[in-house]
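Me: I am new to reading protein models. Can you take me through one, feature by feature?

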Amino acid sequence: MFSIGVIGAGTWGLALARVLSLNGNNVTVWSAIPSEIDELVETRRNNRLPDMVIPDNIVFTKSIEEVCKKRDIILFAVPSVFVRETAAKIREFIPKNQIIVDVAKGIEKKTHYMLSEVITTEIKKDGKHDNIEVVALSGPTHAEEVALDLPTTIVSACENETVAKFVQDIFMSENLRVYTNNDIKGVELCGALKNIVALAAGISQGLGYGDNAKAALITRGMSEIKRLGLAMGCLESTFEGLAGVGDLIVTATSEHSRNNKAGQLIGQGYSVQEALDKVQMVVEGVNALPAALELSETYQIELPIIFAVNDIINKGCNPAQVVKELMNRDKKSECEKSILDITFENTILKNKRGNEMKRVITYGTFDLLHYGHINLLKRAKALGDYLVVVISSDEFNWNEKQKKCYFSYEQRKALVEAVRYVDLVIPETSWEQKKSDVHEYHIDTFVMGDDWKGKFDFLEEEGVEVVYLPRTPEISTTQIKKDLNK
């Protein structure tokens, strides 16, 4: 049995408080609105969840100190715009190693922080809370269904896997299945931006468009979120999972979705403010727009659907005209790779396929290809039958490694492909893609130079052998550049 404080007495906070109570935990709920607590104490009902019975052992309080002190977990269930000020309020009442679970979805406008980062930075301001852990609990979940014990899945996301699993155990029930994910930034990005796409889906429905348009918005909307997320260093698998496409589907299609409802009203001709007034709940998609636009500019990622929603919400553009402009944009391909690259990779994989084939992968920039590189590739290939070489893209080198190569990615790729030890060359666009690469290419052995020793041991948990090879000591690209400069 654990002691849990719930910050926020809205529908989601109450639905989860009920789950936690039925799981055998001691639960106390706080609200910033005193009258809300009075009504809950008197009626033990929420008018937006009329069929939910609140367990008798859930305690309601107006004291933020009471809801915070000596809790195993503090659950943040407040709107995104109130997360920072709420974190500041609880700081003095929590221990230095407090676990906080955030279920709000959004991105802070000025800082572009995910909400877990907002909570962390605000609470750490006093210099006494360096060990707090924040988990994002997110996924395709509507309070209306969780309150009725309808089957639901959700994701516990935290870089600290032990903490993510601890939260998983506490929330897991026969009606709520919890998965873990260490890509907390990707999970939170999906949770924030899917609300904007849900607004778009609602506007489309309000305009009288059908399922075809809604399906297109969901699919291409996730494509936009994924492009931005990968540029920010998130894992590709997150966007394909419950917190990604799963949450987007339910938010863009459900009758319970406030973002979808607000969008429908706007499509029907109501002003934005009229739509928000009719929904009578926080519409997070509207709050997420400023940060989404600024992130697009920062990472130079095109987000046409999100831009279109902003034109309607914040610029007052006519929804039907915005849709017409979306449909008449320049023609594009859905494939990121050229047909030549796809055919080449598939042919190599087909020719090399076999039950006994051992696959090896290595990573690097491979600028100014020299015999040190060749030695590394030769020794890597000797560890197996098939060698995949992952080369840092130009954008990745500049944005993440802060270095500019002499040769472009395509030139470096062509040079490495010409080495007889190499079977396949693919691009590296983020630090985090190594986990997905070893699974996608069925890798047996991961190889890096010994100057990275110990940095990638975590891949052993994915069932991959990790090998650090000594580099050729007398040669390096950096030394070549220094010598040439002399």
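Me: Are Phe446 and Phe456 buried or exposed?

Reply: Buried means under 20% relative accessible area, exposed over 50%, and partly exposed in between, using a 1.4 Å probe and protein chains only. Here, both Phe446 and Phe456 are buried. For Phe456 the relative accessible area is 7%. Phe458 is partly exposed, with 34%. One caution: this is a predicted model, where local features need pLDDT of at least 70, side-chain atom pairs count only at pLDDT 80 or more, and totals for chains, interfaces and linings use all residues. Residues are numbered from 1 along each chain as its sequence is written, and side-chain values use heavy atoms, with hydrogens and water left out.

Me: How many aromatic pairs does the structure hold?

Reply: Rings of Phe, Tyr and Trp (its six-membered ring) pair if their centres lie within 6.5 Å; planes under 30 degrees apart are stacked, over 60 edge-to-face, the rest tilted. The structure holds 8 such pairs. In one of them, the rings of Phe446 and Phe456 have centres 5.2 Å apart and planes at 55 degrees, so the pair is tilted. Phe446 sits in strand S12, and Phe456 in the loop between S12 and S13, 10 residues apart. Phe456 also pairs with Phe458, again tilted: 6.3 Å centre to centre, 55 degrees between the planes. Ring pairs link Tyr363, Phe396, Trp431, Phe446, Trp452, Phe456 and Phe458 into a cluster.

Me: In what order do the strands of the open sheet run?

Reply: Start with the terms. Strands (E, at least two residues) and helices (H or I, at least four) are DSSP runs, numbered from the N terminus. Two strands pair if DSSP finds at least two bridges between them. Here, 5 strands form an open sheet, S11-S10-S9-S12-S13, with parallel pairing. The edge strands are S11 (424-428) and S13 (465-469), each pairing on one side only. S12 (445-449) is joined to S13 by 5 bridges. Across that pairing, Met448 stands opposite Tyr468.

Me: Which strands does helix H21 touch?

Reply: Contact means heavy atoms within 4.5 Å. For angles, axes are lines fitted to C-alpha atoms (for helices, over the stretch in contact), and values run from 0 to 180 degrees between N-to-C directions. H21 (433-440) packs on the sheet and touches S9, S10, S11 and S12; its direction makes about 155 degrees with that of S11.

Me: Which residues touch the most other members of the largest nonpolar core?

Reply: In soluble globular proteins, nonpolar side chains tend to be buried together. A nonpolar core is a set of buried Ala, Val, Leu, Ile, Met, Phe, Trp, Tyr and Cys residues joined through side-chain atoms within 4.5 Å. The largest one here has 44 residues, and Ile107, Leu189, Leu193, Ile196 and Leu228 touch the most other members. H8 gives the largest share, 11 residues. Leaving aside neighbours within four places in sequence, Leu228 is in contact with residues including Leu189, Leu193 and Tyr299.

Me: How many disulfides does a search of the whole structure find?

Reply: A disulfide is a covalent bond between the sulfur atoms of two cysteines. The test is a pair of cysteine sulfur atoms within 2.5 Å. The search finds 0. Take Cys158: the closest cysteine sulfur, in Cys234, is 15 Å away, too far for a bond. For Cys234, the closest is in Cys190 at 7.5 Å, also too far. Cys234 is buried, at 1% relative accessible area.
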